[in-house]
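I opened the notebook on this model and went residue by residue. My entries follow.

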Amino acid sequence: MKNKFVTFFIVTFCLFYKISILSQESIALPSLKNKKVLLVYGGWEGHHPKAFAERVNKWLKEEGAIVTLSDSLGVYTQKEIMKNIDVIIQHWTMGQISKEQSTGLLNAVKNGVGLAGCHGGLGDAFRNNTSYQYMIGGQFVAHPGGLIDYIVEFSDKDSPITKGLNSFIIKQTEQYYMHLDPRVKVLATTTFSDTFDYWIKGTVMPVCWTTKFGKGNIFYLSIGHDPKDFDNYESWQLLTRGIKWVNTNH
């Protein structure tokens with residue numbers, strides 16, 4: 001009888017603990033159900049923008065989001081769309097953005113729309129637009145060695161974006177060397193070796209960060225050269241949690 005009571009107590013405690021944790025995460029990262037999400041994709045085809053959009057769109061639909069897909073930057077000038085969305089996900093590498101398009105995007109985020117993205121789709125877009133780079137908090141400059149394996153470590157394990165995740169190896173993808181705004185809140189990092197460029201040995205570089213632009217939340221993840229990068233559990237969790245996070249009131 002005593003053993004049965006102890007077992008019952010342990011099971012009950014674990015159950016309530018799990019419910020408590022899930023409840024906390026639910027508050028921190030609310031559902032995207034009925035949230036209006038604009039998913040913009042295009043630019044350099046080497047980053048497979050359409051495949052990325054299809055994968056993320058499928059997940060968004062499963063989450064219950066109301067998604068608008070656009071393969072044109074012209075959507076940023078459509079005032080009726082821009083004033084009624086909650087989240088923007090952008091996957092547009094390099095390319096050019098007009099002044100009107102840039103203004104539409106920047107103003108939406110300033111006014112509280114969340115912005116999320118990864119790799120070159122957010123961190124290497126519109127290289128000549130410094131206002132855009134000011135908003136994102138960082139800009140790609142190199143990926144020594146091209147497609148390589150590297151370790152990602154978490155510098156902030158208390159964020160709802162990283163909670164419960166462990167350091168991991170991401171295989172055969174680009175390790176981004178970036179120029180950074182020192183104001184960003186770094187969540188995960190990678191350390192460069194001297195295998196390809198000896199002078200950067202030991203450099204600790206952010207892989208994932210959050211920041212603010214006006215009232216808007218920004219989430220960036222440097223992983224994502226190819227959609228297969230998100231077959232990795234931790235990478236996919238970072239991206240999807242980050243998308244949810246930008247729609248919070250943090």
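**His225.** I looked up its burial first. His225 counts as buried because its relative accessibility is 13%, and buried means under 20% relative accessible area, exposed over 50%, partly exposed in between, with a 1.4 Å probe and protein chains only. The model is predicted, so I kept its limits in view: local features need pLDDT of at least 70, side-chain atom pairs count only at pLDDT 80 or more, and totals for chains, interfaces and linings use all residues. Residues are numbered from 1 along each chain as its sequence is written, and side-chain values use heavy atoms, with hydrogens and water left out.

I then placed His225 in the loop between strand E11 (216–221) and helix H7 (233–245). Helices (H or I, at least four residues) and strands (E, at least two) are DSSP runs, numbered from the N terminus.

Which side chains make polar contacts with that of His225? I found His47 at 3.2 Å and Glu174 at 3.1 Å. A polar contact is a pair of N or O atoms within 3.5 Å; within protein, one must be able to donate a hydrogen and the other to accept it, and residues adjacent in sequence count only if both atoms are side-chain atoms. Leaving out residues up to four places away in sequence, I listed what His225 touches (heavy atoms within 4.5 Å). The list is Gly46, His47, His48, His119, Leu147, Thr173 and Glu174.

**Thr203.** This residue sits in the loop between strand E9 (185–191) and strand E10 (204–213). I noted Thr203 as partly exposed, with a relative accessible area of 21%. Its side chain reaches the backbone oxygen of Ile200 at 2.8 Å. Beyond four places in sequence, Thr203 touches Tyr177, Thr190, Thr191 and Phe192. I also checked Ser193, ten residues from Thr203 along the chain: the C-alpha atoms are separated by 7.7 Å.

**Confidence.** pLDDT is the predictor's confidence in each residue, from 0 to 100. The mean for the protein is 91, and 89% of its residues reach 70 or more. Over residues 5–27, pLDDT stays under 50, and the model has one contact beyond four places in sequence for them. Where pLDDT is low, the predicted coordinates should not be read in detail.

**Lining by helix.** Last, I turned to the largest pocket. Helix H3 (79–82) and helix H4 (99–110) each supply at least two residues of its lining. H4 gives the largest share, five residues.
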